[in-house]
Amino acid sequence: MSDRTLNVVQINMARSMAVSVELKSYCTLNDIDIALVQEPYTRNGRLTDLEDGNTRVIRAHTNEQHGVWAAIIVFNSNLDIIGRDNLTTAHTVVLSAAYPGQIPIDFVSSYFQFRKDTAYFVHELNPINQSLSNRTIIGAYVNAFSPWWFDPRRNDKGRLVEQMIVSLKLEIENRENSGWSFHGARGNSNVDLTLSRGLTGKIRNWSMDQTSTSSDHSMLNFSITDRSTMVPLYSC
């Protein structure tokens with residue numbers, strides 16, 4: 001048995017082509033295994049600069065603007081992955097991933113669209129959650145305020161997300177005094193959430209990076225250190 005580490009980033013890309021280039025460079029240089037993204041830049045249905053022969057990409061269903069709201073990019077070719085097509089919607093995408101010999105982790109990228117009620121996304125995630133394992137990571141742009149994730153305000157959207165977190169037995173991985181997840185012309189706020197279940201003590205070094213891309217959302221970074229057990233081979 002040995003420990004293996006997954007390096008993960010999460011970012012709202014603000015539908016920027018420049019951010020696609022920057023994110024690809026960052027992930028390549030920093031040995032990132034998986035990226036959970038919202039609002040990626042797309043052209044002809046593909047994530048420009050991120051979707052090539054060196055990556056595997058699972059996308060949400062095409063949205064009304066002929067793009068995608070959420071995607072998961074796998075940079076590490078050594079990971080075993082399964083796209084959970086039956087759980088994919090226009091706003092949420094699910095992927096199971098693990099090193100050989102590890103118990104898989106369900107990774108979720110979800111985008112809570114501003115022009116839809118938060119209740120819509122809470123109701124969407126509830127049935128998806130029923131098919132997720134007890135080892136789950138959710139990277140979500142929730143577009144909601146709450147002191148639970150270190151925004152000084154609380155609004156009705158935040159209360160709905162709080163209720164969802166409790167109902168789905170999720171833990172908040174965001175850390176206090178990390179900065180702002182959104183920093184733009186409309187001010188500063190914390191609206192990007194990393195949630196987990198069944199991985200207590202395995203998620204480490206959660207932080208925000210405001211400078212590695214030009215997105216007005218910070219890139220969230222964390223690692224998952226887990227035990228890998230080689231399955232024994234038996235002879236008859």
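Q: Which residue of E6 does Ile 34 stand opposite?
A: Ile 34 stands opposite Val 74 in E6. This is a predicted model, in which local features need pLDDT of at least 70, side-chain atom pairs count only at pLDDT 80 or more, and totals for chains, interfaces and linings use all residues. Residues are numbered from 1 along each chain as its sequence is written, and side-chain values use heavy atoms, with hydrogens and water left out.

Q: Why is strand E2 called largely enclosed?
A: A residue is buried under 20% relative accessible area, exposed over 50% and partly exposed in between (1.4 Å probe, protein chains only). In E2 (residues 34-38), 5 of the 5 residues are buried, so the rest of the structure largely encloses the strand. Ile 34, Leu 36 and Gln 38 are buried on one side, and Ala 35 and Val 37 are buried on the other.

Q: What makes an element count as a helix or a strand, and how many of each are there?
A: Both are DSSP runs numbered from the N terminus: helices (H or I) have at least four residues and strands (E) at least two. The protein chain has 3 helices and 16 strands.

Q: Why is the protein chain called as compact as a globular protein of its length?
A: The globule rule is 2.2 Å times the number of residues to the power 0.38, and the radius of gyration is taken over C-alpha atoms. For 236 residues the rule gives 18 Å; the chain has 17 Å, which is close to that, so it is as compact as a globular protein of that length. Of the 236 residues, 53% are buried.

Q: Where is Ala 14, and why is it called partly exposed?
A: Ala 14 sits in the loop between E1 and helix H1 (17-29). Its relative accessibility is 33%, so it counts as partly exposed.

Q: What does Ala 14 contact beyond its neighbours within four places in sequence?
A: Contact means heavy atoms within 4.5 Å. With those neighbours set aside, Ala 14 is in contact with Gln 38, Glu 39, Ser 215 and Asp 216.

Q: Why is His 66 called exposed, and what stands out about its phi?
A: The relative accessible area of His 66 is 65%, so it is exposed. Its phi is near 65 degrees, a positive value in a residue other than glycine. His 66 lies in the loop between strand E5 (56-59) and E6.

Q: How is Phe 150 classed, and on what value?
A: Phe 150 has a relative accessible area of 31%, so it is partly exposed. This residue is in the loop between strand E10 (136-141) and helix H3 (156-167). Phi of Phe 150 is near 70 degrees, a positive value in a residue other than glycine.

Q: What makes E7 and E11 edge strands?
A: Strand E7 (80-83) and strand E11 (171-172) each pair on one side only. They end an open sheet of 6 strands in the order E7-E8-E9-E10-E14-E11, with mixed pairing.

Q: How do you know that E14 pairs with E11 and with E10?
A: E11 and E14 (residues 192-197) pair in the antiparallel sense over 2 bridges, and E10 and E14 pair in the antiparallel sense over 6 bridges. Glu 171 stands opposite Ser 196 in E14. Leu 195 in E14 has Ile 138 opposite and Ile 172 opposite.

Q: Why is E14 called largely enclosed?
A: In E14, 6 of the 6 residues are buried, so the rest of the structure largely encloses the strand. Asp 192, Thr 194 and Ser 196 are buried on one side, and Leu 193, Leu 195 and Arg 197 on the other.

Q: Why is Ile 224 called buried, and what does it contact beyond its neighbours within four places in sequence?
A: Ile 224 has a relative accessible area of 1%, so it is buried. The residue belongs to strand E16 (residues 219-228). With those neighbours left aside, its contacts include Val 8, Ile 105, Phe 107, Ile 137 and Ile 203.

Notes. Two strands pair if DSSP finds at least two bridges between them.
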